Amino acid sequence: MTSFAAVSASLRIRGLITRAPSVLASVPKRLVHGSTRKEASVCDKATEAQQKVAKKADEGAQTISDAAGNLKDKAKNTAEEAWDKVKDTTEKIKDTVTGKTEETKESIKATAKTVERSMNTKNLK
């Protein structure tokens, strides 16, 4: 097989061709993401939409993360408040029971003294 360059050189030597043959090729302009302007426009719009969705998803994830942090803080505060109330209530119950116990003890002593006096009074008669 003979190459195109060899044939061209041979013809030039013989005087049949005075200049190198030119090849005209139609190369279409390559559009971004498509073969037509309309397809390129659709692809660009799809890319923009995808980027917007990704941005919204990131913002949503951040919002959820912030909300979860707030809920965690609220739950912790609520638990601490409930614990404080339980401690206060327990302390009040303890004070009430202790106070009633003291009152009962004093009442028994007073009654015992009254009974003792009454018995001593009867014995003297």
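Before you click anything, one term: a residue is buried under 20% relative accessible area, exposed over 50%, and partly exposed in between (1.4 Å probe, protein chains only). Residues are numbered from 1 along each chain as its sequence is written. You're looking at a predicted model, where local features need pLDDT of at least 70, side-chain atom pairs count only at pLDDT 80 or more, totals for chains, interfaces and linings use all residues, and side-chain values use heavy atoms, leaving out hydrogens and water.

Start with the whole protein in cartoon view. You'll find two helices and zero strands (DSSP runs numbered from the N terminus: H or I of at least four residues for helices, E of at least two for strands). Of the 125 residues, 2% are buried.

Next, select residues 37–124, which is helix α2. Side chains of opposite charge can pair when their charged atoms come close. The pairs to look for are salt bridges (a side-chain nitrogen of Lys or Arg within 4 Å of a carboxyl oxygen of Asp or Glu), and the count here is three.

Show K56 and E59: their closest N and O atoms are 3.9 Å apart. They sit three residues apart in the helix, so about one helical turn separates them. K56 is exposed at 59%, while E59 is partly exposed at 38%.

Move along to D84 and K87, another salt bridge at 3.9 Å, N to O. K87 is partly exposed at 43%, and D84 is partly exposed at 39%.

Last stop: E91 and K94, bridged at 4.0 Å. Both belong to helix α2, three residues apart. K94 is partly exposed at 49%, as is E91 at 39%.
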